[in-house]
Amino acid sequence: MLFLHVSDIHFSTPDCNDPPNDPDQPFRTVLVKDIRARVSKIGSVDAMIVTGDIAFKGVADEYKVAMSWLTELADAAKCPIDRIFVVPGNHDVDRKIIEHSKVIQNAHRTLSGCNSNEIEHEFDRQLRDR
């Protein structure tokens with residue numbers, strides 16, 4: 001099996017919405033070209049793994065642009081789109097949602113006060129709470 005792993009791609013608004021002014025766009029372009037060249041020599045990628053920090057602020061526009069680029073990368077890698085696996089990172093959270101949600105703040109406060117033996121049980125309890 002051949003995997004392609006990318007990490008910390010940090011699509012950041014407003015720059016990512018304006019490719020000529022996005023300082024990371026040249027690197028993404030080179031990566032797509034490099035993958036295309038490698039695939040022509042070694043064959044298609046079976047799965048892509050994207051770990052951590054797809055976005056920078058966790059806002060919808062960043063994911064929209066990231067999805068477009070990941071689709072382009074998958075095409076270059078000859079990898080089916082349904083074989084892209086993502087693990088979110090700390091930048092993939094829209095912190096404004098947390099700032100305005102007492103429920104999330106209370107859950108965070110409760111989890112922060114747990115010792116290591118009880119945190120998993122409390123986390124599960126928080127997730128199951130209606």
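This text goes through a predicted model, from overall form to single residues. In this predicted model local features need pLDDT of at least 70 and side-chain atom pairs count only at pLDDT 80 or more, while totals for chains, interfaces and linings use all residues. Residues are numbered from 1 along each chain as its sequence is written, and side-chain values use heavy atoms, with hydrogens and water left out.

The secondary structure consists of five helices and three strands, arranged along the sequence as β-α-β-α-β-α-α-α. The radius of gyration is 18 Å, well over the 14 Å that the globule rule gives for 130 residues, so the protein is more spread out than a compact globule. That radius is taken over C-alpha atoms, and the rule is 2.2 Å times the number of residues to the power 0.38. Helices (H or I, at least four residues) and strands (E, at least two) are DSSP runs, numbered from the N terminus. The C-alpha trace spans about 50 × 35 × 25 Å along its principal axes.

Buried residues make up 30% of the 130 residues; buried means under 20% relative accessible area, exposed over 50%, and partly exposed in between (1.4 Å probe, protein chains only). Of the contacts with a separation of 6 or more, 79% are between residues 24 or more positions apart, where contact means heavy atoms within 4.5 Å.

Helix α4 covers residues 102-112, and its buried residues are Q105, A107 and L111. They lie on the same side of α4, because they cover an arc of only 165 degrees around the axis. The arc is that of the directions from the helix axis to the C-beta atoms. The buried residues of α4 pack against α3 (95-99) and α5 (119-128). On the face turned away from the buried side are the exposed residues K102 and R109.

The elements that give two or more residues to its lining are α4 and α5, and the largest share, seven residues, comes from α4. Of the 13 lining residues, I104, A107, H108, L111 and Q126 lie nearest the centre of this pocket. By class, the lining has seven nonpolar, four polar and two charged residues. Here Ala, Val, Leu, Ile, Met, Phe, Trp, Tyr, Cys and Pro count as nonpolar, Asp, Glu, Lys and Arg as charged, and the others, Gly among them, as polar. A pocket, on a 1 Å grid over the protein atoms alone, is an open set of points where a 1.4 Å probe fits, with protein on both sides within 12 Å along at least five of seven lines; lining residues have an atom within 4 Å of a point. Grid points are joined across faces, edges and corners, and a volume is the space filled by probe spheres set on the points.

The second largest pocket has a volume of about 170 Å³. Its lining includes F56, K57, N90 and D94, and divides into three nonpolar, two polar and four charged residues.

Some backbone details remain. In the loop between β1 (3-7) and α1 (25-42) lies P14, joined to T13 by a cis peptide bond with omega about 5 degrees. D8 lies in the loop between β1 and α1 and has a positive phi of about 55 degrees although it is not a glycine. D53, in the loop between β2 (47-51) and α2 (60-77), also is not a glycine and has a positive phi of about 55 degrees. D8 is partly exposed, with a relative accessible area of 41%, whereas D53 is buried, at 6%.
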